[in-house]
Amino acid sequence: MRRFLYENSLSLAMLGLFLFFLAGQSLAGWYVYNSDQQDHQQPSIPYGAYLLSGHFFEAVFENWESEFLQMSAYVIFTVYLRQKGSPESRPLDKKDTQKDSVSAARRRPNSPWAARQYGWIRTLYEYSLTLALFSLFIFSFLLHALAGQQVFNEEQTLHGGHAVTLGGYIMVSQFWFESFQNWQSEFLSVGVLIVLSIFLRQKGSPQSKPVSHPHGETGDE
């Protein structure tokens, strides 16, 4: 067990923090929702019911959507784009890139099963990370839209408005305001990491160049 915890400590720590903050979000959101219900002379709902509400789902998937968009775009951009001096970038030298491509194409006995195949299985596996992240983005985007539609229609009912279809909600400015406010911050944070990693260091982190390496060194040159 100790070995397992050590080998998987990073992902377990991220999962633990995710669950902790998700629980905090749900509790805070429950109080906010019931407070809003009271302001409109509507009955409060129990915590379990809130976890199944559009209010909670919209808040969760609105943020997941932006995270998966950022990660999937970043993975694919780093294949073709470069940033001199950043450890987040592949080397600038085309020869190094070509050598890396040849090395990656080699099939080894301990390679994953899909990597040892030929044809469409191998091709699909070569792009599986980006495909998975983009699929999670689309999934989150749709759930954000569905939950947002439910919340929007509840508010319309409270204020004497008209309910809208899913297609109609996607055309509402509120939906895109919620999406864009998250998307812009995700790409800003990645851009800041890329630029700051050129000049600043964090000893022991794989996201940073070694402390003594020059600013102009790119990737693993």
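Guide: A residue is termed buried when its relative accessible area is under 20%. The model discussed here is predicted. Phe-152, with a relative accessible area of 13%, is therefore buried.

Visitor: How is a pair of aromatic rings described?

Guide: Such a pair is described by the distance of the ring centres and the angle of the planes. In this structure, the count of aromatic pairs comes to 20. One of them joins Phe-137 and Phe-141, a tilted pair with 6.0 Å centre to centre and 50° between the planes.

Visitor: Where do Phe-137 and Phe-141 stand in relation to each other in helix α7?

Guide: The two residues are four apart in helix α7, so about one helical turn separates them. Phe-137 is buried at a relative accessible area of 10%, and Phe-141 is likewise buried at 15%.

Visitor: What is the geometry of the pair formed by Phe-152 and Tyr-169?

Guide: Their ring centres lie 5.6 Å apart and their planes meet at 50°, so this pair is tilted. Because Phe-152 belongs to helix α7 and Tyr-169 to helix α8 (residues 166-170), the pair ties together parts 17 residues apart in sequence. Tyr-169 is buried, with 0% relative accessibility.

Visitor: Which residues do ring pairs link into a cluster?

Guide: The cluster comprises Phe-18, Tyr-33, Tyr-50, Phe-56, Phe-57, Phe-61, Trp-64 and Phe-139.

Visitor: Turning to charge, which residues form the negative surface patch?

Guide: Asp-36, Asp-39, Glu-154 and Glu-155 form the patch. Helices α2 (9-39) and α7 (128-158) each give two or more residues to it.

Visitor: Is Asp-39 buried or exposed?

Guide: Asp-39, found in helix α2, has a relative accessible area of 55% and is exposed.

Terms used
Residues numbered from 1 in each chain as written. Predicted model: local features only at pLDDT ≥ 70, side-chain atom pairs only at ≥ 80, totals over all residues. Heavy atoms only, no water. Patch = residues over 30% accessible without salt bridge, like charges linked within 9 Å, V, L, I, M, F, W, Y side chains within 5 Å. Areas by Shrake-Rupley, 256 points an atom, 1.4 Å probe, with all protein chains shown as cover. Salt bridge = Lys/Arg side-chain N within 4 Å of Asp/Glu carboxyl O. Lys, Arg positive; Asp, Glu negative; His and termini not counted. Charge placed at Lys NZ, Arg CZ, Asp CG, Glu CD. Buried < 20%, exposed > 50% of the residue type's maximum accessible area, 1.4 Å probe, protein only. Phe/Tyr/Trp six-rings, centres within 6.5 Å; stacked < 30°, edge-to-face > 60°.
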